[in-house]
Amino acid sequence: MSKDAVNTAAAASPTDAAQVPADAGDAGYSKDLKARHVNMIAIGGAIGTGLFLGAGGRLHNAGPALAIAYLVCGVFAFFVVRALGELVLYRPSSGSFVSYAREFLGEKGAYVAGWMYFLNWSTTGIADITAIALYTHYWSMFTDIPQWVLALAALAVVLAVNLISVKIFGEMEFWFAIIKVATLVGFMLIGIFLLATQQEVGGQTPGVGVITDNGGVFPHGMMPVVLVMQGVIFAYAALELVGVAAGETAEPEKVVPRAVNSIMWRVGLFYVGSVVLLALLLPGSVYSADESPFVTVLSKIGVPAAGDVMNLVVLTAAMSSLNSGLYSTGRILRSMAMAGSAPKFTARMNRSQVPYGGILLTCAVCVLGVGLNFLVPAQAFEIVLNVASLGIISTWVIIMICHLVFVRRAKAGLVARPAFRLPGSPVTEIATIAFLLACLGMMWNDPEVGRKTLLLIPLIAIMLVAGWYGVRRRVSRTADQELSRLTK
């Protein structure tokens, strides 16, 4: 139900209303996530396969200017998370932006936000299990195992972890993030050493000369840099997990600001810093989409088993992404189910206070991905990755729209803004929305995959409209029942 309805009920019956959370979907969760879990979830969301694997092809296409693309996209990603962080401190909720969309945009807004986020993570889950299978095939002992079998095994393992308890999820994400951060720090130390000592890398002396002697910062002009923006934005997907995790931590007012503020320097250090180092060590033309850029550098200096180590890290990043997707969609779907806009079974929780219904629904879609791996193993990854980008861009746009409405209501005296705020409102939100929509439009310049993905938008819109007409009576009935219960 909407917050306005809850406020009305609270005025009529303060005692009863005080016992009911603003979002009915928030009831029943444990508060087992610690500050270190949330901090590492924030790091894990900012570091994934988009950097470990995707940066190679982007460096080849855009050159050293890729660092600028990561910085620009990182700034807008930070604005999104900062806006979400402010909403979290206003009212922590495991339903996160779906709960805020319900309050500020109504049930239709929550419905669109929730199902587009589900589209993002369910298709990302397919991409993740596909990636895990591909990375596992790197080792000869697994090459004879069919890709779909490895994908199914990965899904089963992560599902089991998610169903046990939120604490186990937090621990798994904590150690996944530790592995990723340790790998990046290790590589950056090696890169700085190579720069400082002027050791040759692949026959080239590292330094600014590697950039200036190979076409400069923009070796292929501005357009390739603009075109990679859409892919770079997807590399930052999962940063919004901080908002979902806040609903299961005991002290969100202390944990969330620290986690959100740290995202900016992490983006600068890990993404921009890594790309600058890669550009100073080897020309962009040496990197490729088929190999992690870190493996490219390490193999050039003769580091033994560099491919094995980095493949293990990329495998970890994919497992982390799948783990996060099941976690977040379980919570989002439960919030929707409690309002009537998702199937009833997705509201169910097990004894460990885990919303297993929503997690299983996401897994069911991922199982379709296992079938995709069986039918078209070569194209499975690229197909679902582009569909997922539609989901994440729409989610971030909805977060910024919610924040705009929230600030407007705060100015009208209807709600109180916390001290932790998004700076520059409303200019910041409008600029971020415009940038995200521009990134979506850039997909049209990719006739092979991007353009076909954009042509799916009308189909998705038709499915959303049809779905809304299927659930609107239940949504209205659920809201009326909740209001009646509160005003008794």
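**Buried charges and other details**

Modeller: Glu103 and Arg91 are both buried. Keep in mind that this is a predicted model.

Biologist: What do the side chains of Glu103 and Arg91 form?

Modeller: They meet in a salt bridge, 2.8 Å from N to O. Glu103 sits in helix H7 and Arg91 in the loop between H6 and H7, so the pair ties together parts 12 residues apart in sequence.

Biologist: How many salt bridges does the count come to?

Modeller: Three. One of them pairs Arg417 with Glu86, with the closest N and O atoms 2.6 Å apart. Arg417 is in the loop between helix H18 (380–411) and helix H19 (427–442), while Glu86 is in helix H6 (residues 66–90), so this pair links parts that are 331 residues apart in sequence.

Biologist: Is Glu86 buried or exposed?

Modeller: Buried, at 0% relative accessibility.

Biologist: And which residue does Arg102 pair with?

Modeller: Glu107, with the closest N and O atoms 3.3 Å apart. Arg102 is buried at 3% relative accessibility. Glu107 is buried too, with a relative accessible area of 16%.

Biologist: Back up to the fold. How many helices and strands does the chain have?

Modeller: 21 helices and zero strands. Buried residues account for 58% of the 488 residues. The accessible surface is about 19100 Å², and carbon and sulfur atoms own 66% of that.

Biologist: What about contacts between residues at least 6 apart in sequence?

Modeller: Of those, 80% join residues at least 24 apart.

Biologist: Now the core. Which residues touch the most other members in the largest nonpolar core?

Modeller: Phe52, Leu66, Tyr70, Trp115, Tyr236 and Trp396, out of 161 residues in that core. Helix H7 (residues 96–136) gives the largest share, 21 residues.

Biologist: What does Trp396 touch?

Modeller: Leaving out residues up to four places away in sequence, Trp396 touches Ala77, Val80, Ile233, Tyr236, Ala237, Glu240 and Leu436.

Biologist: Let's do helix geometry. How far does H16 reach from its first C-alpha to its last?

Modeller: Helix H16 (residues 306–339) reaches 50 Å over 34 residues, close to the 50 Å expected at 1.5 Å a residue. 30 of its 34 residues are buried, so H16 is largely enclosed by the rest of the structure. Just after H16, Gly340 takes a positive phi of about 95 degrees.

Biologist: And how many residues of H6 are buried?

Modeller: 19 of 25, so H6 is also largely enclosed by the rest of the structure. H6 reaches 36 Å end to end by C-alpha, close to the 36 Å expected at 1.5 Å a residue.

Biologist: What phi does Gln198 have?

Modeller: A positive one of about 55 degrees, although Gln198 is not a glycine. Gln198 lies in the loop between helix H9 (166–197) and helix H10 (208–212). Gln198 is partly exposed, with a relative accessible area of 42%.

Biologist: And where does Gln353 lie?

Modeller: In the loop between H16 and helix H17 (356–375). Gln353 is not a glycine, yet has a positive phi of about 65 degrees. Gln353 counts as partly exposed at 31% relative accessibility.

Methods
Residues numbered from 1 in each chain as written. Predicted model: local features only at pLDDT ≥ 70, side-chain atom pairs only at ≥ 80, totals over all residues. Heavy atoms only, no water. Helix = DSSP H or I, 4+ residues; strand = E, 2+ residues; numbered from the N terminus. Buried < 20%, exposed > 50% of the residue type's maximum accessible area, 1.4 Å probe, protein only. Contact = heavy atoms within 4.5 Å. Areas by Shrake-Rupley, 256 points an atom, 1.4 Å probe, with all protein chains shown as cover. Core = buried A, V, L, I, M, F, W, Y, C linked by side-chain atoms within 4.5 Å. Expected span 1.5 Å × (residues − 1). Salt bridge = Lys/Arg side-chain N within 4 Å of Asp/Glu carboxyl O.
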